[in-house]
Amino acid sequence: MSSPDQPLACFKAYDIRGKVPSELNEEMAVEIGKAYVAEIQPQGPVAVGRDIRATSEALASCLANGITQAGVDVVDIGLCGTEMIYFAASRPGMGGGVMVTASHNPIEYNGMKPVRAESRPIGTNSGLMAIERRVRQKDFADAATPGKITQRDVMDEYVQCLLGFVDVNALKPLKIVVNAGNGCAGPAVDALAKHLPFELIRVHHNPDGTFPNGIPNPLLPENRPATADVVVREKADLGVAWDGDFDRCFLFDEHGGFIEGYYIVGLLAERMIRMQPGAAIVHDPRMVWSTIDIVEGLGGRAIQSKTGHSFMKAKMREEDAAYGGEMSAHHYFRDFSFSDSGMIPWLLIASAMSESGKTLHQLVNERQAKFPCSGEINRRVSDPDALIAAIQEKYAPENPEIDTTDGISLNFPEWRFNLRKSNTEPILRLNVESRGDADLVKSKTDEILAILDS
C-alpha cells in the first residue's frame with residue numbers, strides 16, 4: 001500500500017510507466033482517471049486508447065471508469081497507436097486524451113500517456129506531478145452525475161490526415177518492408193495501404209501482446225536484422241520498423257543499413273521547408289550541425305530546444321514551427337497538432353525518394369560524410385554530475401563554446417559533443433559529431449569514454 005507522502009514509482013518525467021501490478025494496477029488506473037479529471041478539468045470528452053499488451057484492455061477500462069465516475073464522458077477508440085490518441089484529443093470539442101501503453105518497455109510493464117485538449121502535453125512541470133499527488137493523497141471526488149463511455153473508430157479520419165502530408169499521385173510504386181513488431185502499427189499500415197501505390201512486405205505484422213518476436217524496439221541493434229535482412233532478401237527500396245505504440249519509426253536503406261535518427265531529422269527538415277518556405281524547425285541539442293546547415297541553407301530558421309516531448313512541443317508552439325525532430329526518432333509536426341508521429345516520417349521519406357528518384361542511401365550519404373557522428377552511446381555511472389564536471393574541466397583549456405540547454409554541449413571548431421543525464425536512471429548519454437572527419441569522431445569518442453569508464 002502506498003503512503004500519501006511517498007511518491008508513486010510509476011510517475012516518470014514525461015508519462016506514467018511501471019510494473020504491473022506492483023507499481024501500476026487496475027485500482028490505481030481508476031484513481032488516475034479521477035485525478036486526471038480533478039487536475040485537468042477537461043471541457044469535453046476524453047479520448048482513451050490502448051496498445052496490445054495483455055494488461056492494457058483492463059487498465060484502459062478502469063481508467064475510463066475513473067474518468068466517467070468523476071463526471072466526464074469518455075470516447076473509447078480501442079486498440080490504437082499513441083499518435084491516434086493525439087489525433088483524437090486534438091479534434092474540436094474534445095477535452096483531452098490518455099493512451100494506455102508501455103511502448104518498448106519489458107513485457108511486465110504498462111503505462112499511460114495523458115494529454116490535454118488540443119493534444120497539449122502533460123509533463124513534470126505541466127500537470128503530471130499534480131496528478132501524481134492527487135492519486136497519492138486521494139484528492140479527487142466522484143460526480144453526482146457520471147459521464148458516459150462511447151466507442152468511436154477514428155482510423156479513417158486519422159488516415160486522411162496522414163495522407164495530407166504527401167502528394168499521393170506523385171508517389172512511385174516502391175517496395176517497402178514494414179515491421180510492426182507485433183505492436184499496434186499493423187492495422188494503421190493496412191488502413192494506409194489502401195491509398196498508396198507501394199508494394200508492402202509485412203513482417204511481424206499482427207498485433208500480439210505476447211510479443212513472440214520480442215518487445216518491438218528497433219533502436220536496439222540486436223532487433224534490427226528482423227527488418228534489415230528482409231530488405232536485402234527482397235531487394236526492397238526501404239525498410240520501416242516501429243516501436244510498440246508506433247509513435248517512433250526507424251528507417252533502413254536499400255542495403256539494409258540502419259539510418260541514424262539524426263540524419264532523418266535533416267531529411268524531414270528539408271522536406272518541410274521545401275513545402276513551407278522559410279519555416280521554423282526545432283531540433284534537440286544532442287547533434288545539431290547537419291540540421292542547422294540544411295535549415296539555414298534553405299532559408300529556414302533552426303531553433304534549439306531541450307530534449308523531451310513536452311519541451312519540444314512547447315518550443316514549437318512558441319515559434320509556430322512546421323517541424324521538430326529529435327535524433328531518438330521522435331518527429332513532431334505543426335499540422336498534426338504539434339504532436340509526434342511514427343507514420344508521417346516514412347511517408348515523407350518515401351515521397352522524397354519518389355520525387356527525387358534517389359535512394360535513401362543517396363539522400364543521406366552526403367550528410368553522413370559531411371557531418372559524421374558517433375550515434376548515442378550510453379554509460380551507467382555512479383556519479384553523473386561528477387563525471388560531467390570532470391569532462392568539462394578537461395576541455396576547459398581549449399576554450400570551447402559551451403551550451404547548457406540540455407546537459408553540456410562543448411563546441412570546438414572541427415568537432416563537438418553533448419553529454420547529458422538520463423531523466424530516470426544513473427546513465428550518461430554521449431553524442432559526438434565533426435565537420436567531415438570520421439576519424440576525429442572516433443578518437444574523441446574514445447577519449448571521452450575513457451574518462452567515463454574510469
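This is a predicted model: local features need pLDDT of at least 70, side-chain atom pairs count only at pLDDT 80 or more; totals for chains, interfaces and linings use all residues.
Asp340 sits in strand β15 (residues 339-340), and with a relative accessible area of 2% it counts as buried, since the cut-off is under 20%. Leaving out residues up to four places away in sequence, Asp340 touches Glu83, Tyr86, Asp247, Lys313, His330, His331 and Tyr332.

Now for the nonpolar side of things. The largest nonpolar core has 74 residues, and Tyr158, Trp242, Met343 and Trp346 are the ones that touch the most other members. Helix α8 (residues 261-275) puts in the largest share of this core, with nine residues. As for Trp346, its contacts beyond four places in sequence are Ile176, Leu192, Leu196, Phe198, Val240, Trp242, Cys249 and Leu251. A separate core of 31 residues lies apart from that one, and includes Tyr36, Ile40, Ala60 and Val72.

Helix α13 (residues 384-395) is next. Its 12 residues, at 1.5 Å each, should span 16 Å, and the end C-alpha atoms are 17 Å apart, so the two values agree. Buried along α13 are Pro384, Leu387, Ile388, Ile391 and Tyr395. Viewed down the helix axis, these buried residues fall within an arc of 100°, so they line one face of α13. Among the elements covering them are β18 (408-411), β19 (415-421), β20 (427-434) and α14 (438-453).

Conventions: Residues are numbered from 1 along each chain as its sequence is written. Side-chain values use heavy atoms; hydrogens and water are left out. A nonpolar core is a set of buried Ala, Val, Leu, Ile, Met, Phe, Trp, Tyr and Cys residues joined through side-chain atoms within 4.5 Å. Buried means under 20% relative accessible area, exposed over 50%, partly exposed in between (1.4 Å probe, protein chains only). Helices (H or I, at least four residues) and strands (E, at least two) are DSSP runs, numbered from the N terminus. Contact means heavy atoms within 4.5 Å. The expected span of a helix is 1.5 Å times one less than its number of residues. The arc is that of the directions from the helix axis to the C-beta atoms.
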